[in-house]
Amino acid sequence: MGLKIWLDDKLVNQEDAKVSVFDHGLLYGDGVFEGIRVYGGKIFEHDAHLERLYKSAKVIRLTIPMDLPTLKKAVEETVRANQITDGYIRLVVTRGVGDLGLNPFLCKRACVIIIADKIRLYPAELYEKGLKVISVPTIRNHPMSIPPQVKSLNYLNNIFAKIEAVDAGASEAILYSHDGYVAEASGDNIFIVSEGTLYTPPVQAGSLDGITRRVVIKLAREERIPIIEKNLTRFDLYTADEFFLTGTAAEVIGVVEMDGRIIGDGKPGPITRRLREKFYAYAHA
Ligand code: PMP
């Protein structure tokens with residue numbers, strides 16, 4: 001049975017969920033999106049995701065054609081219609097239909113798409129064993145280009161990095177900022193542990209303001225694990241005792257090898273495992 005997809009202002013059958021070839025989301029990657037989890041029938045950090053979406057839209061001068069409470073109801077309705085209790089929501093707002101030119105203001109109305117489906121996760125054994133990652137030559141978008149805090153439909157920067165990681169046989173790519181500081185992975189934020197303290201780069205180093213990152217910082221504070229946001233270099237990652245990534249799909253996942261260096265003792269460390277457990281409990285509470 002096909003899914004029910006939210007398109008513009010109502011639910012339609014999957015086979016009828018179609019957008020125009022003149023949509024600037026397709027022609028130019030012009031639009032914004034969110035990826036959101038559903039745990040035990042509850043939409044995880046729903047408000048935070050929607051607030052980030054509206055901020056992304058504001059930065060690219062995109063008017064979402066409904067207010068936040070109305071969009072929130074549409075997301076809830078889509079989850080309900082597809083009977084998703086544990087899954088993943090893809091919320092997309094494209095610039096809408098325009099002509100073949102760049103001018104976004106010639107597009108009449110933004111298009112809202114909500115897909116609620118099951119989720120495919122990293123295999124369970126990767127959470128036990130940890131990931132291998134590499135530094136990639138592609139740098140993260142410069143903040144004076146598309147600000148990395150905007151979750152836009154234009155993901156080629158991240159896709160370049162992902163290609164470089166896949167070519168090298170690594171699970172994830174580590175991207176640096178234009179001035180050589182650690183920014184983020186292609187689809188996740190970065191944390192390390194060094195001498196019992198948790199470190200993560202500030203968002204301004206060139207990352208998305210990850211919702212999972214925010215939750216992990218909050219949980220670390222509750223656990224009385226010291227947490228410092230500061231610029232990190234390759235040196236800091238190579239010499240960390242523990243290293244993990246956070247993101248909506250991955251949740252909290254350990255990294256055990258980077259650029260041929262073994263991280264810590266080559267296994268996901270105790271603070272990584274503790275925060276992963278805390279995150280699981282928080283998400284399912
Ligand atoms: N950085 C990038 C580039 C991302 O696409 C994502 C989302 N997959 C993240 C970080 C993590 O953000 P969140 O925890 O909100 O999913």
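Good morning. The shell around the ligand, counted as residues with a heavy atom within 4 Å of it, divides into three nonpolar, nine polar and four charged residues. In that classification, Ala, Val, Leu, Ile, Met, Phe, Trp, Tyr, Cys and Pro are nonpolar, Asp, Glu, Lys and Arg are charged, and the others, Gly among them, are polar. This is a predicted model, in which local features need pLDDT of at least 70 and side-chain atom pairs count only at pLDDT 80 or more, while totals for chains, interfaces and linings use all residues. Numbering runs from 1 along each chain as its sequence is written, and side-chain values use heavy atoms, with hydrogens and water left out.

Let me turn to the polar contacts, meaning pairs of N or O atoms within 3.5 Å. A ligand oxygen lies 2.4 Å from a side-chain N or O atom of Tyr155. For Thr212 the corresponding value is 2.6 Å, and for Lys151 it is 3.2 Å. Taken alone, the ligand exposes 390 Å², of which the protein buries 92%; these areas come from the Shrake-Rupley method with a 1.4 Å probe.

The lining comprises 36 residues, with Tyr88, Arg90, Gly187, Asp188 and Ala249 nearest the centre.

Technical notes:
A polar contact is a pair of N or O atoms within 3.5 Å; within protein, one must be able to donate a hydrogen and the other to accept it, and residues adjacent in sequence count only if both atoms are side-chain atoms. On a 1 Å grid over the protein atoms alone, a cavity is a set of points where a 1.4 Å probe fits but cannot get out, and a pocket is an open set with protein on both sides within 12 Å along at least five of seven lines; lining residues have an atom within 4 Å of a point.
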